[in-house]
Amino acid sequence: MTAIAVQAQRLLAQRRPQRPFLESFIRALIIVCAALALVLSSVSICDGHWLLAEDRLFGLWHFCTSSNQTGPHCFRDLSQARVPGLVVGMVLARSVGALAVVVAILGLELLMVSQVCEDLHSRRKWAMGSVLLLVSFVLSSGGLLSFVILLWNHVTLIGFTLMFWCEFTASFLFFLNAISGLHINSITHPWGQPRKF
C-alpha cells in the first residue's frame with residue numbers, strides 16, 4: 001500500500017499546476033487573431049487588385065483598363081501600364097507579400113503547437129512563433145510600401161481597394177499579435193521552474 005502511495009505522490013509532484021484561465025484565454029485570442037490576419041493576407045495577395053485610379057486598376061498580378069464602351073480589359077503584362085519600374089517592382093512586392101504569408105503560417109503553427117503539446121520547450125516555441133509573426137509584419141509592410149511607392153503618382157486615399165485594406169489590416173494584426181505574444185511570454189511564469197516566495 002505504501003509503495004502505491006509513494007508512486008501516486010511522485011506522479012502528483014511531477015504534474016504541472018494548471019495554467020491560469022486569463023493567460024490561456026489571451027494566448028488563444030492571439031492565435032485566433034493571427035489566423036484571421038493570415039486569412040486576410042492570403043486573400044489579399046491572391047486577389048491582388050489593390051489600387052483603382054480613374055479607369056485603371058493596378059494589381060500585383062494584373063493591370064486592367066476599362067471604358068464605357070468595351071468594359072474591363074486585363075493584362076498580365078504589367079508593362080502595358082506604362083509606369084516606370086512597375087514590372088520589376090511588382091515582382092518584388094508580390095514575392096515579399098507571399099513570403100510574409102509563408103512565414104506567418106510557420107509562426108502560427110509554432111504558436112498552436114506550443115499550446116497543444118505543452119512541454120519544457122513550449123515557451124521557446126511560443127517566442128519563436130511570435131518572432132516569426134513579427135518578421136511577417138516586416139515583410140507584408142515592405143510589400144505594401146513598395147506597392148505604394150511604385151504607384152505614388154496614381155495613389156489617392158479613396159483609390160485603394162478593399163483588398164489593399166485587407167492586407168493593411170493583416171499587417172497591423174501581425175504586428176499586434178507578435179508584440180502581444182512576446183509580452184505575455186515575458187510576464188508569465190516559466191513552466192517547469194519552481195516559484196520563489
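Predicted model: local features only at pLDDT ≥ 70, side-chain atom pairs only at ≥ 80, totals over all residues.
Residues are numbered from 1 along each chain as its sequence is written, and side-chain values use heavy atoms, with hydrogens and water left out.

Let's start with the rings. The structure holds eleven aromatic pairs, where rings of Phe, Tyr and Trp (its six-membered ring) pair if their centres lie within 6.5 Å; planes under 30 degrees apart count as stacked, over 60 as edge-to-face and the rest as tilted. Take Phe-63 and Phe-75: their ring centres are 6.4 Å apart and their planes meet at 25 degrees, so this pair is stacked. Phe-63 sits in strand 3 (residues 63–65) and Phe-75 in strand 4 (residues 73–75), so the pair ties together parts twelve residues apart in sequence. Helices (H or I, at least four residues) and strands (E, at least two) are DSSP runs, numbered from the N terminus. Phe-63 is buried, at 2% relative accessible area, whereas Phe-75 is partly exposed at 30%; buried means under 20%, exposed over 50% and partly exposed in between (1.4 Å probe, protein chains only).

Next come Phe-147 and Phe-164, a tilted pair with 6.5 Å from centre to centre and 40 degrees between the planes. Phe-147 and Phe-164 are both buried. They also belong to one aromatic cluster with Trp-50, Phe-160, Trp-165 and Phe-168.

Now for the core. A nonpolar core is a set of buried Ala, Val, Leu, Ile, Met, Phe, Trp, Tyr and Cys residues joined through side-chain atoms within 4.5 Å. The largest one has 37 residues, and those with the most contacts inside it are Trp-50, Phe-58, Leu-86, Phe-147 and Leu-151. The elements giving two or more residues to this core are helix 2 (21–47), strand 1 (49–53), helix 3 (86–116), helix 4 and helix 5. Helix 5 gives the most, with eight residues.

Finally, look at Arg-27, which lies over the face of Trp-126, 4.7 Å from the ring centre. A charge sits over a ring if NZ of Lys or CZ of Arg is within 6 Å of the ring centre and within 35 degrees of the ring normal.
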